[in-house]
Amino acid sequence: MTRVLAVDDEPGILSVVVANLRARGYEVDSAGTGELALDVAADRTPDAVILDLGLPGMSGYEVIQALRGWTDIPIIVLSARETTQDKVAALEAGADDYMTKPFAIDELLARVQALVRRASDAGNVIETADFTLDFRNRRATTSRGPVHLTRTEWRLAEVFARNPGRLLAADELYDAAWGTRGKKHSSVLRIHIGHLRAKLEPAPTQPRYFVTELGGGYRFVASRPDTDADGV
C-alpha cells in the first residue's frame, strides 16, 4: 500500500489532508514539525511527502534539502506562500510540485497519485546492448562498469526511457529536468545530454541511443540501430 507523509503545523489542514488520503486507501503518517517529519521518514520511508514551508523550527526548505540528501521520493509543497520566489526556491531545493493554500483537496490527491505513479513507472529497468538503467535503485551500468549519474541526468534518462522512439522537444526535456520555471537555456540542456552520452554511449560523439534530430529535438532509440546517428 502507498504511504504518504503529510507535514503541516496547522492541525485543521493536516486533519483534512490525512482523512482524505486515508479515504482513498493510502497509509498516512503525519507531523507538525520538520524535525519530526525527518524522524518519521527515516523510520517509515514514505512513497510521497506533502509539505508545508512555514513550519516552526526547521523550515520546509530545510526539510526538502535533508530528504534530498538520501531519497528522490516525490515531494509536493502545500503552502500559503504565493510568490514566484518562494515557488522557485522550493523547486530548486528539490520539490517536485507546488500548490498554494487555499487548495482543492481533489486536485491535491490527483497530484499525489500522478507523482506516485510516475515514481513507480520509473522503477523499471531499461536494458540496451551497451548499458542498463535501474531507476528504482538509481544504478547505471555499462560494459565498462558502474557509472554515476547526477539527479538531473537521472531525470533526463527517465523521460527518455518513458518515451522510447518518440521525438522529444527541447522544452519538454528541460521542463522534466528543471521544471517550468525560469528562462530555458538550450545550451544547458545540450551540456547535460552530452554528459549523459559520455557516461552511457559506447561512442559519445556518434550517439546511438540519445539521438539529436536537427531542428526537432531528441529521440531515445532503445535498441541499437544499424547505422550511426548524427552527433551533437
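Q: What makes glutamate 10 and lysine 101 a salt bridge?
A: A salt bridge needs a side-chain nitrogen of Lys or Arg within 4 Å of a carboxyl oxygen of Asp or Glu. The closest N and O atoms of glutamate 10 and lysine 101 are 3.4 Å apart. That is within 4 Å, so the pair counts as a salt bridge. The model is a predicted one, where local features need pLDDT of at least 70, side-chain atom pairs count only at pLDDT 80 or more, and totals for chains, interfaces and linings use all residues. Residues are numbered from 1 along each chain as its sequence is written, and side-chain values use heavy atoms, with hydrogens and water left out.

Q: Why is glutamate 10 called partly exposed?
A: Buried means under 20% relative accessible area, exposed means over 50%, and partly exposed is in between (1.4 Å probe, protein chains only). Glutamate 10 has 37% relative accessibility, so it counts as partly exposed.

Q: Why is lysine 101 called buried?
A: Its relative accessible area is 10%. That is under 20%, so lysine 101 is buried.

Q: Which other salt bridge does lysine 101 make with aspartate 8, and at what N to O distance?
A: The side chains of aspartate 8 and lysine 101 meet at 2.8 Å, N to O. This pair also links distant parts of the chain, 93 residues apart. Aspartate 8 is buried, because its relative accessible area is 5%.

Q: What makes the peptide bond between lysine 101 and proline 102 stand out?
A: It is a cis peptide bond, with omega about -5 degrees. Proline 102 is in the loop between strand 5 and helix 5.

Q: How many salt bridges does the structure hold?
A: It holds 13. Side chains of opposite charge can pair when their charged atoms come close.

Q: How do you know that glutamate 27 and arginine 3 form a salt bridge?
A: Their N to O distance is 2.7 Å. Glutamate 27 is in strand 2 (residues 27-31) and arginine 3 in strand 1 (residues 3-7), 24 residues apart. Glutamate 27 has a relative accessible area of 30%, so it is partly exposed. Salt bridges link Arg3, Glu27, Asp29 and Arg44 in a network.

Q: How do you know that the buried residues of helix 2 are on the same side?
A: Those residues are Gly34, Ala37, Leu38, Val40 and Ala41. They cover an arc of only 165 degrees around the axis, so they sit on the same side of helix 2. The arc is that of the directions from the helix axis to the C-beta atoms. The face turned away from the buried side carries the exposed residues Ala42 and Asp43.

Q: What covers the buried residues of helix 2?
A: The cover includes strand 1, strand 2 and helix 3.

Q: Why are helix 6 and helix 8 called roughly perpendicular?
A: They pack at an angle of about 85 degrees, with axes 10 Å apart. Axes are lines fitted to C-alpha atoms, for helices over the stretch in contact, and angles run from 0 to 180 degrees between N-to-C directions. Under 35 degrees is roughly parallel, over 145 roughly antiparallel, 65 to 115 roughly perpendicular, and the rest oblique. The angle falls in the 65 to 115 range, so helix 6 is roughly perpendicular to helix 8.

Q: Why does glutamate 153 count as buried?
A: Glutamate 153 has 2% relative accessibility, which is under 20%, so it counts as buried. Glutamate 153 is in helix 6. Leaving aside neighbours within four places in sequence, glutamate 153 is in contact (heavy atoms within 4.5 Å) with residues including His192 and His195.

Definitions and conventions
Helix = DSSP H or I, 4+ residues; strand = E, 2+ residues; numbered from the N terminus.
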